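Hello,

Here is the structure for you to look through. My notes follow below it.

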Amino acid sequence: MTDGRADGVSAELRRLERRVRRQVDARMAGRRVWESLPAITQILVAVAAAYAIAHWGFGHAVPLLAVTVTINSLGFTRDARPVRVAETVLGILLGIALGDALALLVGRGLWQLVVVLAVVFVVGRAVSANPAFAVAAAVPSALVVLLPEPDGGPFTRSLDGLIGGAVALLATALVPRDPRRAAARDGRALFSVLEESLAGVVDALADADPAAAELALSRLRRTQPLVDAWATSLDSAISVARISPWVHRQLPELRRDARVAAAADLTARHLRTIARRSEFLVRDGRSRPELASVVSQLATAVRLLGLELDDAELAGSARTELTHLAARLDPASLIPGAGASDVTVLLLLRPLAVDLLVATALTPGEARSLLPPVD
């Protein structure tokens, strides 16, 4: 009877787990679609424009490559920089032109396809160090060789590709994706991990809990992909904002975000060292309330710095908190008579405070001047 009841509970738990997983999957799918709507809108507008120009403007009955070049050039990639779009366009146009020229010379068929692809791959690798460039060139060249020659002549598809590429570049500037949307999302994700990690270091120092420091260190070791994602999305956003008349006004904010992102990268690196030292420090079972208080204030400053990215009314709050924090980073007054290990943790916080103050638009010299001298 007991075994039957246990089996029933286990089956109910499995059903609950499946329901939760389906709900999470559905939310994630909905989130992906929602986040992709700007890209979808941009691609649809560009495809419609490319088709209209090639079909009604130049009389091409089936402007296949005008459409495919537009889609492949824009895509859903995180890196939507105009230079990346231009590189993709160039690769595709190179493949189409080589495919048209070689098909005219050797005809169409299996061995001709192999010859064309071989030439396109060699030329693509010679032209660009990016392997994706050669692949982008090879796909349309294969289509040119495999499809029947269009009514307009052998280089009709090259013209279609040129139209699609030009429309894709114009769409990057005139129908841009929200340049701050992905960057803001990536920034929030990184700051969330930094705040959780700092909370773990505070707990470790306040409660003499090595496990809390280990957990913080484990989280911090996973921050590099978040840092890289934010850097990529910010670089893309800044590149778009430079050329787009519609979002050019966001350029100062994006440059500020880039400055904060650089500081957040340094913060994650510093905190890995601090978490590692803290984990070693508290193995003696003694709490460090003074150090915990300082790290807690640092956590508040980091949280405010992240909030400032989305809320202009909080501007300056992180600098104020960091200024007060910097004034406390004096081992002689904060932890008099402390051992070398305690002092080391406090000293590690000093360059971190400087980096964060630089993120608030202070110069490195101004930031360092806020620190008390150390004998």
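**The largest cavity**

The largest cavity has a volume of about 40 Å³. The structure holds two cavities of 30 Å³ or more. A cavity, on a 1 Å grid over the protein atoms alone, is a set of points where a 1.4 Å probe fits but cannot get out. Its volume is the space filled by probe spheres set on the points, with grid points joined across faces, edges and corners.

This is a predicted model: local features need pLDDT of at least 70, side-chain atom pairs count only at pLDDT 80 or more, and totals for chains, interfaces and linings use all residues. Residues are numbered from 1 along each chain as its sequence is written, and side-chain values use heavy atoms, leaving out hydrogens and water.

R180, A183, A184, R188, W230, D257, L309 and D310 line the largest cavity. Lining residues have an atom within 4 Å of a point. Four of them are nonpolar, four are charged and none is polar. (Ala, Val, Leu, Ile, Met, Phe, Trp, Tyr, Cys and Pro count as nonpolar; Asp, Glu, Lys and Arg as charged; the others, Gly among them, as polar.) Helix α7 gives the most to this lining, with three residues. Helices are DSSP runs (H or I, at least four residues), numbered from the N terminus.

Two packed helices are described by the angle between their axes and the distance between the axes. Axes are lines fitted to C-alpha atoms over the stretch in contact, and angles run from 0 to 180 degrees between N-to-C directions.

Take α7 (residues 181-207) and α9 (residues 224-243). Their axes come within 8 Å and cross at roughly 155 degrees. The pair is therefore roughly antiparallel, a term for angles over 145 degrees. The crossing is left-handed: the near helix is turned anticlockwise from the far one by less than a right angle. Contact means heavy atoms within 4.5 Å. On the α7 side, the residues include A183, F191 and V193; on the α9 side, they include W230 and L234. The contact residues divide into 11 nonpolar, two polar and one charged.

Now α11 (residues 289-308). The axes of α7 and α11 come within 8 Å and cross at roughly 170 degrees. These two helices are therefore roughly antiparallel as well. Among the residues in contact are F191 and L198 of α7, and V295 and R303 of α11. By class, the contact has 15 nonpolar, two polar and two charged residues.

Best wishes

How values were computed. Parallel < 35°, antiparallel > 145°, perpendicular 65-115°, else oblique. 1 Å grid on protein atoms, 1.4 Å probe; cavity = no way out; pocket = protein on both sides within 12 Å on 5 of 7 lines; lining within 4 Å.
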